[in-house]
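Please examine the sequence and the model displayed below.

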Amino acid sequence: MTKQSYVYILASKRNGTLYVGVTSDLVKRTWEHKQDLAEGFTSKHGVKTLVYYEAHESLEAAITREKQIKKWERAWKIRLIEKDNPHWDDLFERIVP
């Protein structure tokens with residue numbers, strides 16, 4: 001049995017710096033970003049707001065999708081976010097059990 005995985009996009013602010021990632025535990029990984037426990041790009045640039053995510057049936061599918069989105073132009077990523085989250089709300093509270 002495969003574990004559900006997620007592709008997610010974090011932002012520093014509306015139309016700010018974006019980060020695309022993949023994880024099998026969206027709540028834990030988002031919390032780590034928010035607490036600056038994920039060293040590197042997100043902590044350096046203050047990227048902590050979960051603005052988009054999508055679930056996949058396998059880690060392999062999520063990684064494939066992550067790579068696809070990372071290659072996109074910025075405008076395409078913004079359209080993807082704003083399609084379901086036009087105000088760039090922090091979606092973290094929606095995913096916390």
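**Sheet, helices and salt bridges**

Strand 1 and strand 2 are paired in the antiparallel sense over six bridges; pairing requires that DSSP find at least two bridges between two strands. Helices (H or I, at least four residues) and strands (E, at least two) are DSSP runs, numbered from the N terminus. The model is a predicted one, in which local features need pLDDT of at least 70 and side-chain atom pairs count only at pLDDT 80 or more, whereas totals for chains, interfaces and linings use all residues. Residues are numbered from 1 along each chain as its sequence is written, and side-chain values use heavy atoms, with hydrogens and water left out.

Strand 1, residues 5-11, also pairs with strand 3 in the antiparallel sense, over seven bridges. Val7 illustrates both pairings: Val22 in strand 2 stands opposite Val7, and so does Glu54 in strand 3. In the hairpin of strand 1 and strand 2, six residues lie between the strands, and Asn15 takes a positive phi near 60°.

Helix 3 contains 13 residues and, at 1.5 Å a residue, should span 18 Å, which agrees with the 19 Å between its end C-alpha atoms; the expected span is 1.5 Å times one less than the number of residues. Its buried residues are Ala62, Arg65, Glu66 and Ile69, where buried means under 20% relative accessible area, exposed over 50%, and partly exposed in between (1.4 Å probe, protein chains only). These residues cover an arc of only 105° around the axis, which puts them on the same side of helix 3; the arc is that of the directions from the helix axis to the C-beta atoms. On the other side of helix 3, Glu60, Thr64, Lys67 and Lys71 are exposed.

Helix 4 (residues 74-84) has Lys77, Ile78, Leu80 and Ile81 as its buried residues. Viewed down the axis, they fall within an arc of 155° and therefore line one face of helix 4. The face turned away from this buried side carries the exposed residues Arg79 and Lys83. The cover over the buried residues of helix 4 includes strand 1, strand 2, strand 3 and helix 3 (59-71).

Side chains of opposite charge can pair when their charged atoms come close. Eight salt bridges are found in the whole structure, each being a side-chain nitrogen of Lys or Arg within 4 Å of a carboxyl oxygen of Asp or Glu. Which parts of the chain does the pair of Glu82 and Arg14 link? Their side chains meet in a salt bridge (3.6 Å, N to O), which joins helix 4 to the loop between strand 1 and strand 2, the two residues being 68 residues apart. Within helix 1, Arg29 and Glu32 lie three residues apart, about one turn of the helix, and their salt bridge has an N to O distance of 2.9 Å. Arg29 is partly exposed at 24% relative accessible area, whereas Glu32 is buried at 18%.

Terms used: Contact = heavy atoms within 4.5 Å.
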